[in-house]
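Keep the model open as you read.

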Amino acid sequence: MSDPQTASVPGRIMAAEMAEQPAVLQRILDEGAPKIREIAAEIAARNPRFVLLTARGTSDNAALYAKYLIEILLGKPAGLTSMSTTTAYGAKPDLTDVLVVTVSQSGGSPDLVASTKAAREAGAVTLAVTNNAASPLAEVSEFHIDVLAGPEKALPATKTYTAELLALYLLVEGLRGGDYSAAKELPALAAGVLARQAEVKALAERYRFAQRLVITSRGYGYPTAREAALKLMETTYIPASPFSGADLLHGPLAMVDNVSPVIAIVPDGKGGEALQPVLDRLRGRGADLMVVGQQAQVDAASAGFALPPGVPEEVQPILEILPLQLLAYEVTIARGQDPDAPRALAKVTETR
């Protein structure tokens, strides 16, 4: 990582916060997990019939990850809310016996606060997942999980995203009475991935002059594709389009050629198996294909980054995003820009 003490270096804040992620993950496991288990037990006792997830931006990608966890591991239906139905249209749905989980780094956006307050008044069990225990969102929610990431000063969210992912995984595991064993090695594995920044810097040279990017995955990897696209767009300003592999085949594949790079996140498991026909089609079109996944998948692509083997698929997104955060950082630096100061962005986006 770049030296965070060198104030004149562009991206020093983002670099420092990316480097904190192994410690943040360990803190959640050591300090946050017991509280998350208590909250999960209280919620499980109420046996919610449905789960609604509310978020914006990076946190929306974390919420999408939770949707996969809830539907696959809990077998409960889950959906992403459209806040404007409440905040703009004044809809008053019956949310009796529904769990509403609102995910927000700051916990300060007015629409998140208003929609969560309305959900609680409509009978929902409300849970806020934030990096600010004193936030308005935490105050209006019945339950609150602190992701314990510490202050995040860089505009591109990095450590709060992986912290949200882990906290949401522990919540779902707690709801089903799991033992959290799949997450125990994540801090050490994350440190190993981040230590390979030189590999990512070499990859960045391939994409510094890209005019557009396509990013694809399936299953648990799809939220990673969306988050990677967001990070690349907000730091490098390169248009990056995220697609489920299934959706990519339904038309957008036509825009892929041997000039437009494609980044594929290939989970080690059922998501990767489902993505395989898409990878075959991309290779058939001569795409410049970069793979984030297992070594065999990387070897069959134009370029890539191999992830540690043997990690359960449901927690792989916590590692998958790390080389893509580094890629956004390195491409931005290579293009002569400062990833700490993306234009037109604010740390807290106040939507209504």
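Predicted model: local features only at pLDDT ≥ 70, side-chain atom pairs only at ≥ 80, totals over all residues.

Residues are numbered from 1 along each chain as its sequence is written, and side-chain values use heavy atoms, without hydrogens and water.

Take helix 3 (residues 57-74) and helix 10 (residues 222-236). Their axes lie 8 Å apart, at an angle of about 170°. Helix 3 is therefore roughly antiparallel to helix 10 (angle over 145 degrees). From helix 3, Gly57, Thr58, Asp60, Asn61, Leu64, Tyr65 and Tyr68 take part in the contact (heavy atoms within 4.5 Å). Helix 10 answers with Tyr222, Pro223, Arg226, Glu227, Leu230 and Lys231. By class, that contact has six nonpolar, three polar and four charged residues.

The structure holds one cavity of 30 Å³ or more (on a 1 Å grid, points where a 1.4 Å probe fits but cannot get out). The largest cavity has about 30 Å³ of space. Gln294, Leu307, Pro308, Val311, Gln316 and Leu319 line the largest cavity (an atom within 4 Å of a point). Its lining has four nonpolar, two polar and no charged residues.

The second largest pocket holds about 320 Å³ (a pocket is an open set with protein on both sides within 12 Å along at least five of seven lines). Of its 19 lining residues, Thr86, Pro93, Leu95, Ser115 and Ala119 are the closest to its centre. Helix 5 gives the largest share of this lining, five residues.

Terms used:
Axes fitted to C-alpha atoms, helices over the stretch in contact; angles between N-to-C directions. Helix = DSSP H or I, 4+ residues; strand = E, 2+ residues; numbered from the N terminus. Parallel < 35°, antiparallel > 145°, perpendicular 65-115°, else oblique. Nonpolar A, V, L, I, M, F, W, Y, C, P; charged D, E, K, R; others polar. Points joined across faces, edges and corners; volume = space filled by probe spheres on them.
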